[in-house]
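Take the points in order, with the model open beside you.

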Amino acid sequence: MPLHWLVLIVLALSAVGFFMGRGRALQTAGGDRRLLHSLPHYYGANVALSAMVPAFGVMLVWLLAQPLIVNTSIERMIPTEALPEGNTLSLVMSDVRRVAQGLDIAVERGVLSDAEVASLRADETDIRAMLGDVGVALGADVPGPVLEAAKNHRQQTARGAMIMSIAVLVLALIGFAYAFWRTNAQFRARNIVEAGVRALLIMAASLAVLTTLGIILSLIFNTIEFFRLHPAKDFFFGSVWAPSFGGGSELAVLPLLWGTLYISLIALIVAVPVGLFSAIYLSEYAGSKMRAYIKPLIEILAGIPTIVYGLFALLTVGPLLLGLFGSQGLGWMQAGTAVMTAGLVMGIMLIPFVSSLSDDIINAVPQSLRDGSYGLGATKSETIRQVVLPAALPGIVGAILLAASRAIGETMIVVMGAGAAARLSMNPFEAMTTVTAKIVSQLTGDADFASPEALVAFALGMTLFVITLCLNAFALYIVRKYREQYE
Amino acid sequence: MYDYSTASETALDQKTIKFSARDVQVYYGDNHAIKDVNVDLEDKTVTAFIGPSGCGKSTFLRCLNRMNDTIDICRIEGDIKLDGEDIYDKAIDPVQLRAKVGMVFQKPNPFPKSIYDNVAYGPRIHGLAKSKTDLDEIVEQSLRRAALWDEVKDRLAAPGTGMSGGQQQRLCIARAVATAPEVLLMDEPCSALDPIATAQVEELIDELRKKFSLVIVTHSMQQAARVSQKTAFFHLGNLVEFGETGQIFTNPTDERTESYITGRIG
Amino acid sequence: MSDATHTSLMAQSAHTRRRNQAEKRFRAYGLAAIALGLTFLVVLLSTIFYNGVGSFQQSFVNVPVYLDPAKLDKKGNRDIADIKKVSTFAYAPLVQKGLFALIEAHGIETELKKPKDMKKLLSASSTAQVRDYVISNPGQIGETVTFRLLASSRVDGYIKGRVKRADVARDKNINVAQLDLSDAFIKAGVISKEFNLGFITGADASESRPEQAGIGVSMLGSFFMMLVVLGLSLPIGVAASIYLEEFASKNRLTDVIEVNISNLAAVPSIVFGILGLAVFIQFMHLPQSAPLVGGLVLTLMTLPTIIISTRASLKAVPPSIRDAALGIGASKMQTVFHHVLPLAMPGILTGTIIGLAQALGETAPLLLIGMVGYIATNPPDGLASGFLDPNSAMPAQIYEWAKRADPAYYERAWGGIIILLVFLLTMNLIAILLRRRFERRW
């Protein structure tokens with residue numbers, strides 16, 4: 001049974017349950033709704049939820065678990081000696097899934113019947129050509145074991161789907177019947193429904209934790225896999241980044257980290273003075289009118305997507321810098337993509353980030369401190385430099401750390417503006433690359449996902465995640481402590 | 001309305017006039033906060049401003065060292081002269097004025113710096129000390145004046161925010177004294193303090209009178225009676241009565257003053 | 001410290017003057033910083049506009065083409081199956097002849113003597129356009145029909161000033177004689193610059209025909225992604241916020257969730273891309289490049305933002321409202337859903353729109369789940385295909401164009417950004433209006 005039919009049937013059952021539950025409640029109360037414990041629609045909702053929630057819950061878990069179970073059972077079927085030279089199990093498995101999918105489509109279109117599929121043999125039929133006809137292109141001819149595995153895959157999947165349909169429908173009916181049977185005038189339907197809704201609310205709130213868990217697990221498993229293929233020592237302490245898809249790559253994180261930090265540093269050198277001075281002017285000098293116009297204008301910079309900054313770096317700032325510092329100018333620069341290009345543009349992006357955070361923090365400094373300083377005859381700038389800024393310093397440091405973490409995690413600007421060469425150099429006019437840029441390039445190529453060259457992206461992602469997480473947690477901690485101080 | 005001509009007669013003793021205000025009006029936006037205030041404040045005297053909340057006494061105090069400049073919507077008319085110079089003249093730099101007319105606020109507001117740096121802040125920005133020893137001396141002298149030296153001399157590097165409320169307020173007084181002002185304005189300096197700390201600060205005020213002219217805004221009539229020689233009673237933005245403290249409290253001429261002192265309004 | 005030094009206030013001391021100068025300098029730094037920030041904004045926006053506005057106009061060639069029955073319908077029986085067998089190669093000479101005839105008709109002098117020389121003036125898509133017309137109107141075979149065909153991107157670039165005469169010497173796609181002819185055709189009104197609807201509604205094209213590329217299909221991809229994001233992040237975000245703000249007691253679990261959410265809001269977006277790749281594609285085997293997957297990833301990314309803003313608007317509803325409802329015997333749940341939530345709704349919607357705008361412009365995670373590099377040529381034909389068929393998204397499409405070698409694609413990329421920014425601006429304006437309209441001061 002196709003999935004959407006199953007969903008529709010359960011939904012319909014719930015809808016029917018709503019009205020029947022409501023009707024039954026009213027009926028047991030003899031039509032006098034004042035005799036009911038709860039409002040009538042709560043009885044309906046109780047039946048509807050009882051039918052729907054367990055059924056959909058099982059369906060969701062089943063849909064997630066089934067491919068895993070089927071995959072492991074098929075993987076065990078494929079004999080190791082059947083693996084073609086240089087191919088890994090995961091590649092073969094993706095072939096198996098593709099063939100199975102092709103067979104499904106072929107059956108759906110009536111090219112094959114189920115019986116014909118069962119009797120297909122790799123050495124008799126040209127499976128590749130046949131599947132090509134139905135729109136599933138395969139990279140190579142299908143060997144016997146793969147076809148067998150694919151047929152098995154299809155069978156198990158189909159059987160699983162059927163059992164799931166039955167289980168889901170039975171559960172929905174049981175839930176329906178049980179809730180309906182319990183419905184009477186004394187039944188505390190509202191409390192039950194509210195407890196159910198509350199459970200749903202808790203589940204929604206835990207999704208954030210699940211997301212973090214998902215991030216951590218997906219990073220950890222793949223990182224461990226990477227370190228099995230590539231020594232961790234080389235990754236952390238090596239100094240050369242030279243992936244080669246033929247094997248024997250040198251994959252060290254150091255040059256990438258250097259590029260990341262260098263670009264972030266330049267970005268902060270641009271963003272911190274401009275952002276901080278803007279914030280100081282806006283919060284201490286500007287009148288309310290100027291503030292009302294200028295602040296949103298500067299914050300527009302924060303609303304512009306990073307792809308725009310990336311394009312700006314690639315097509316405008318890069319060529320501009322090349323004109324100034326390239327062979328026609330000072331001769332320091334070979335190409336438009338460089339640390340400087342990405343750093344400058346990223347700095348522009350971070351200006352509103354620094355300024356609005358600093359603005360909040362400067363405004364949190366109590367007015368009494370300023371009054372105290374003015375009362376002693378200090379000028380505004382003396383008050384700002386010697387009283388306001390020192391008082392706001394922890395908060396501003398927190399803001400700068402948050403900006404730094406933003407810079408380190410930024411992707412599009414460096415992908416488009418910084419270049420692709422990983423090198424350890426001090427020259428800001430040279431092209432360098434960053435952790436994020438390499439995550440993109442290692443995962444978007446044609447590399448096999450099981451190769452160290454692709455898996456390294458997860459180790460890089462892990463590095464990035466840990467660095468930004470520490471920076472954020474530390475910065476948030478500082479900022480919170482700072483706020484508490486003046487509350 | 002307080003009649004100026006009689007006041008100037010009673011004020012005619014040996015003391016010199018420090019501040020003289022003529023027809024002062026203060027507006028906050030559309031709100032007329034101070035109306036036609038005329039008053040002369042003497043040197044080496046403690047003058048108390050009393051009156052119910054919102055009567056304008058703090059507002060008027062803040063006019064005397066142009067602290068109201070920092071509020072955008074505040075507008076001031078009339079003349080306020082310090083030693084015969086109009087402090088609202090264009091040529092006057094409020095920064096220099098405030099060095100001469102120090103201020104202590106309602107809530108102790110030490111800077112988040114060390115005790116030493118708090119006191120040294122004023123002398124540093126005004127360039128009053130020629131050397132480090134000079135500055136040390138100013139700090140010590142100011143802290144002594146504020147009767148704080150003995151309590152803090154061993155921990156000058158400790159943060160000023162870590163002290164008790166009374167100590168903080170005396171630190172703020174020391175901070176104000178350190179710029180060598182001629183007038184010290186105090187805006188309810190004891191309202192955030194406990195009775196013991198209040199007594200210490202009041203004692204200090206009496207001591208400071210020898211060197212400076214002091215203006216103190218207070219809610220407490222007892223305090224005004226204890227520390228001041230002159231008292232001005234403000235009501236709804238008007239200066240109702242001004243005179244010798246003893247006279248104001250024993251024999252007020254205006255019935256509003258009497259009502260306030262006896263507790264019927266306020 | 002004595003009153004012996006009695007100085008007038010009227011004269012500024014040298015020290016005060018120095019201090020006032022320092023004050024002025026400091027103020028100037030602040031103004032300079034603001035001016036710099038605004039300059040960046042102006043430069044950025046004007047660069048986008050200046051470079052991108054060209055993509056909204058395109059050069060078209062009006063060519064009368066004789067639909068020669070001898071070429072298009074050799075059997076002469078107008079059988080649609082036979083007509084369909086004729087490939088675009090057979091149409092090329094007809095179109096070129098049609099354009100070549102115009103040289104004589106307008107009395108233009110040129111060194112180009114063969115109809116074949118016209119090829120580089122026309123878009124490679126022109127033959128397909130004529131063929132499509134013939135297939136849907138087989139009756140027109142044998143007639144002469146005037147077509148409005150796309151000019152090639154070089155001719156278009158020449159007209160817009162992107163392609164310079166000095167540069168064409170090394171260009172094998174166009175030569176000076178062809179440019180001269182284009183000039184003459186413009187004068188004769190054969191080639192004209194018109195509004196380019198195809199850019200807004202069309203699909204991406206292959207590397208060699210930038211003149212044909214449009215952003216329409218990837219716009220649909222973005223649209224379906226936003227549907228997913230809205231459909232998931234609004235209910236989940238509101239539910240999570242309600243729980244945390246109204247029901248959760250202060251305990252370890254709530255603390256963990258709260259810290260989690262504030263940290264998730266600052267996790268780099270690329271990490272969400274890794275999550276999407278590992279969980280949705282490798283683990284759950286959802287289709288690559290599908291807007292559904294993109295939407296799921298962006299949902300996870302925007303959820304923290306939406307939760308944070310929703311909680312702020314729930315917090316802004318005064319406790320007196322809750323007390324009033326609880327006081328007349330409403331349950332906690334009823335209080336929240338009947339009273340608090342409706343009052344907080346404008347704030348929640350504002351936050352959601354801003355979260356959506358953020359998601360709409362996000363590119364990095366889409367790179368990892370394969371929404372780049374895919375040439376979306378056909379618009380999805382239905383809901384299921386909209387969610388599940390491979391597609392691109394607006395920012396991913398822009399990135400794709402920026403990577404291509406032909407500078408004609410840069411113009412498209414800038415133009416795409418204009419469209420993207422128009423969407424973002426509209427969304428933010430709606431959010432601002434919503435806030436203005438429904439903002440309550442308690």
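This is a predicted model: local features need pLDDT of at least 70, side-chain atom pairs count only at pLDDT 80 or more; totals for chains, interfaces and linings use all residues.

1. Let's start with chain C, whose secondary structure comes to 18 helices and three strands. Its radius of gyration is 31 Å, well over the 22 Å that the globule rule gives for 442 residues, so chain C is more spread out than a compact globule. Along the principal axes, the C-alpha trace of chain C spans about 105 × 75 × 40 Å.

2. How much of chain C counts as buried? The figure is 45% of its 442 residues. As for contacts in chain C between residues at least 6 apart in sequence, 78% of them join residues at least 24 apart.

3. One helix of chain C is worth a visit: α7, residues 176–188. Buried residues in α7(C) include Gln178(C), Leu181(C), Ser182(C) and Phe185(C). Looking down the axis of α7(C), you will find its buried residues within an arc of 105 degrees, so they line one face of the helix.

4. What covers those buried residues of α7(C)? The cover includes α6 (153–160) and β3 (191–195) of chain C. Just after α7(C) comes Gly189(C), which takes a positive phi of about 80 degrees.

5. Now to chain A, for which the domain assignment gives domain 1 (3–187) and domain 2 (242–486). The C-alpha centres of domain 1 and domain 2 of chain A lie 47 Å apart.

6. Chain A meets chain C through 70 residues of chain A and 70 residues of chain C. Which helix gives the largest share of the side of chain A that touches chain C? That is helix α7 of chain A (residues 189–229), with 20 residues. By class, this side of chain A divides into 46 nonpolar, 20 polar and four charged residues.

7. The contact between chains A and B takes 16 residues from chain A and 24 residues from chain B. On the side of chain A that touches chain B, the elements giving two or more residues are α13 (367–375) and α14 (380–409) of chain A. Of these, α13(A) gives the most, with six residues. This side of chain A has seven nonpolar, seven polar and two charged residues.

8. In chain B, have a look at Asn31(B), which sits in strand β2 (residues 31–42). Asn31(B) is exposed, with 10 other C-beta atoms within 10 Å. Asn31(B) and Ile73(B) are 42 residues apart in sequence, and their C-alpha atoms are 10.0 Å apart in space.

9. Finally, two backbone angles in chain B deserve a glance. Most residues other than glycine have a negative phi. Lys44(B), however, has a positive phi near 50 degrees; Lys44(B) is in the loop between β2 and β3 (46–50) of chain B and counts as partly exposed, with 16 C-beta neighbours inside 10 Å. Leu236(B) likewise has a positive phi near 50 degrees. Leu236(B) lies in the loop between β9 (230–235) and β10 (238–244) of chain B, and is partly exposed, with 14 other C-beta atoms within 10 Å.

Technical notes. Residues are numbered from 1 along each chain as its sequence is written. Chains are lettered from A and ligands numbered from 1 in the order in which they are written. Helices (H or I, at least four residues) and strands (E, at least two) are DSSP runs, numbered from the N terminus. The radius of gyration is taken over C-alpha atoms; the globule rule is 2.2 Å times the number of residues to the power 0.38. A residue is buried if 20 or more other C-beta atoms lie within 10 Å of its own, exposed if 12 or fewer, and partly exposed in between; C-beta atoms are placed from the backbone. Two residues are in contact if their C-beta atoms, placed from the backbone, lie within 7 Å. The expected span of a helix is 1.5 Å times one less than its number of residues. The arc is that of the directions from the helix axis to the C-beta atoms. Ala, Val, Leu, Ile, Met, Phe, Trp, Tyr, Cys and Pro count as nonpolar, Asp, Glu, Lys and Arg as charged, and the others, Gly among them, as polar. Domain bounds come from an automatic or database domain assignment.
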